[in-house]
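These are my notebook entries from an afternoon of looking things up in one protein model.

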Amino acid sequence: MRSALVEKYGDERLPRYTSYPTSPCFSTNVDDNTYENWLTAGALEKAASLYVHIPFCPSICWYCGCHTTNARGSRPIVDYLRMLREEVRLVSAKTGAPVRIDHLHFGGGTPTIMGPKKMFELVELLHKHFEFTGSTQIALEIDPRTLDQEMAMVLGEAGVHRASIGVQTFDATVQRAINRIQSKEQTMKAVFQLRRARIASINFDLMYGLPNQTVQSCIETTKAAIEMEPDRFAVFGYAHVPSFKKHQQLIDEAALANAQSRISQAKAISEHLVAAGYRRIGIDHFARPHDSLAAAQTNGQLHRNFQGYTTDACETLIGLGSSAIGRTPGGYVQNEVLPNRYAKRIASGRLATTKGWRLSAEDRLRASIIERLMCDFQVDVPALAVTYGFEPRALLDGNTRLAVLESDGIIENAGGIIRLLEEGRFLIRAVAAAFDAYVRGPARRYSKTA
């Protein structure tokens with residue numbers, strides 16, 4: 001990539017666009033009463049997805065940007081799971097008839113920290129209050145340092161389809177700098193245990209831009225990971241936000257890569273994965289050609305949500321647990337972030353929602369444009385605008401950011417059909433931001449056509 005483009009766009013702090021509007025826009029104007037109305041409005045007649053958040057880890061990795069905390073003993077976990085079970089009952093009571101579930105994702109934190117017995121009990125409870133089918137996809141995030149064969153077998157018995165293993169890096173110097181010591185042998189053992197438990201799909205998470213990380217160390221990690229033959233990779237850039245995540249203050253900022261180095265690291269990982277036969281999916285996922293993600297990309301049916309790229313097309317996402325984000329046709333909702341405050345709300349018989357966003361027709365249009373850009377690297381703006389009842393020129397005329405991107409050779413704009421040029425793919429979020437009405441504060445809004 002040209003150094004001038006890196007210098008111009010490389011240090012922009014833009015959303016990953018796993019939703020639109022993004023969560024910093026959420027406000028207390030949407031609360032538990034709003035969510036209850038959305039749940040009881042008959043809007044959940046179609047299939048939905050579930051997300052369950054477990055906000056505990058045995059130790060905190062300094063790079064982590066998730067809502068999690070260090071579990072000191074088993075009591076906080078036991079207490080939290082008791083409130084989580086209450087939330088399951090509370091939410092399912094609001095929806096009336098059991099909602100059919102297409103996708104279930106356990107995130108964190110470290111979901112397996114609850115132990116095999118409690119994991120199986122939680123899955124059983126979800127089956128009791130929601131409708132699962134033989135095609136329901138269940139995914140779970142795993143720290144391989146804490147996985148044992150008993151837990152792996154329980155995951156298989158519980159119907160887990162995909163396990164996402166946190167790898168990040170195998171470079172010992174980088175691992176010490178991020179407080180995550182994890183050997184290749186531990187990861188290989190976890191893969192063996194999961195395969196033995198007949199987990200159908202395994203994903204590896206890798207990172208670039210970590211302290212002391214180099215292009216060569218990224219290549220060595222990628223090669224070692226490829227040898228373990230995971231089905232998918234998710235490759236993320238480290239986001240250094242020490243004012244938001246206090247534990248990131250323990251990271252030596254002088255050891256962090258600049259924008260050009262980050263792009264070089266990401267490019268090196270991508271090239272080696274593609275050379276190994278993985279297909280690039282969007283900006284940060286890679287999958288084997290037979291994988292459902294690859295098929296969805298080929299068919300124009302790829303989607304993007306809070307877990308990244310997905311085949312999940314459900315309009316409704318029910319989020320359970322502290323900080324969990326959900327979505328209904330009416331808009332987004334987010335639970336209380338702090339586990340103790342979350343527990344108090346559930347114990348009082350209230351939904352845990354404390355903020356969210358009510359979606360307008362224009363929000364839905366912009367969300368669709370951004371999703372297609374993020375998934376396909378191109379979008380037909382006029383066609384989508386007409387579908388949603390808007391004049392295309394309302395999004396294109398006077399869009400100075402879009403004009404600059406075109407003049408910089410990042411995109412082609414043929415009458416509103418926007419296509420990313422190959423050199424600009426690492427800057428896709430900058431292109432998406434051209435259609436974000438909130439990224440630099442509220443932009444002018446538009447009216448629907450008659």
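Predicted model: local features only at pLDDT ≥ 70, side-chain atom pairs only at ≥ 80, totals over all residues.

**Entry 1: aromatic pairs.** How many aromatic pairs does the rule give? The count comes to eight, where rings of Phe, Tyr and Trp (its six-membered ring) pair if their centres lie within 6.5 Å, and planes under 30 degrees apart count as stacked, over 60 as edge-to-face and the rest as tilted. Phenylalanine 26 and tyrosine 332 make a stacked pair, with 5.7 Å from centre to centre and 25° between the planes. This pair links distant parts of the chain, since phenylalanine 26 is in the loop between H1 and helix H2 (32-39) and tyrosine 332 is in strand E15, 306 residues apart. For these labels I kept in mind that helices (H or I, at least four residues) and strands (E, at least two) are DSSP runs, numbered from the N terminus.

I then looked at phenylalanine 56 and tyrosine 80, which form an edge-to-face pair at 5.5 Å centre to centre, with 85° between the planes. Phenylalanine 56 belongs to strand E2 (residues 56-57) and tyrosine 80 to helix H3 (residues 75-95), so the pair ties together parts that are 24 residues apart in sequence. Phenylalanine 56 is buried at a relative accessible area of 5%, and tyrosine 80 also counts as buried, at 4%.

**Entry 2: strand E15.** Strand E14 (residues 325-328) pairs with E15 in the antiparallel sense over four bridges (two strands pair if DSSP finds at least two bridges between them), and a hairpin of two residues joins E14 to E15. Isoleucine 325 has glutamine 334 of E15 as its bridge partner. E15 also runs antiparallel to strand E16 (residues 353-358), joined to it by five bridges, and there tyrosine 332 stands opposite tryptophan 357.

**Entry 3: helix H5.** Which residues of H5 are buried? I found Met151, Ala152, Val154 and Leu155. Seen down the axis of H5, these buried residues fall within an arc of 160°, so they line one face of the helix (the arc is that of the directions from the helix axis to the C-beta atoms). Glu150 and Glu157, on the other side of H5, are exposed. The buried residues pack against helix H4 (116-129), strand E5 (131-142) and helix H7 (184-196). H5 is followed by glycine 159, whose phi is positive, near 90°.

**Entry 4: alanine 158.** In the loop between helix H5 (149-157) and strand E6 (162-168) I located alanine 158. Is alanine 158 buried or exposed? It is buried, with a relative accessible area of 9%. Leaving aside neighbours within four places in sequence, alanine 158 is in contact with Phe120, Val123 and Ile138 (contact means heavy atoms within 4.5 Å).

**Entry 5: helix H15.** In helix H15 (residues 400-407), the buried residues are Arg401, Leu402 and Leu405. Seen down the axis of H15, they fall within an arc of 100°, so they line one face of the helix. Thr400 and Ser407, on the other side of H15, are exposed. Among the elements that cover the buried residues of H15 are helix H1 (3-9) and helix H16 (428-432). Glycine 409 follows H15, and its phi is positive, near 75°.

Note on methods:
Residues numbered from 1 in each chain as written. Heavy atoms only, no water. Buried < 20%, exposed > 50% of the residue type's maximum accessible area, 1.4 Å probe, protein only.
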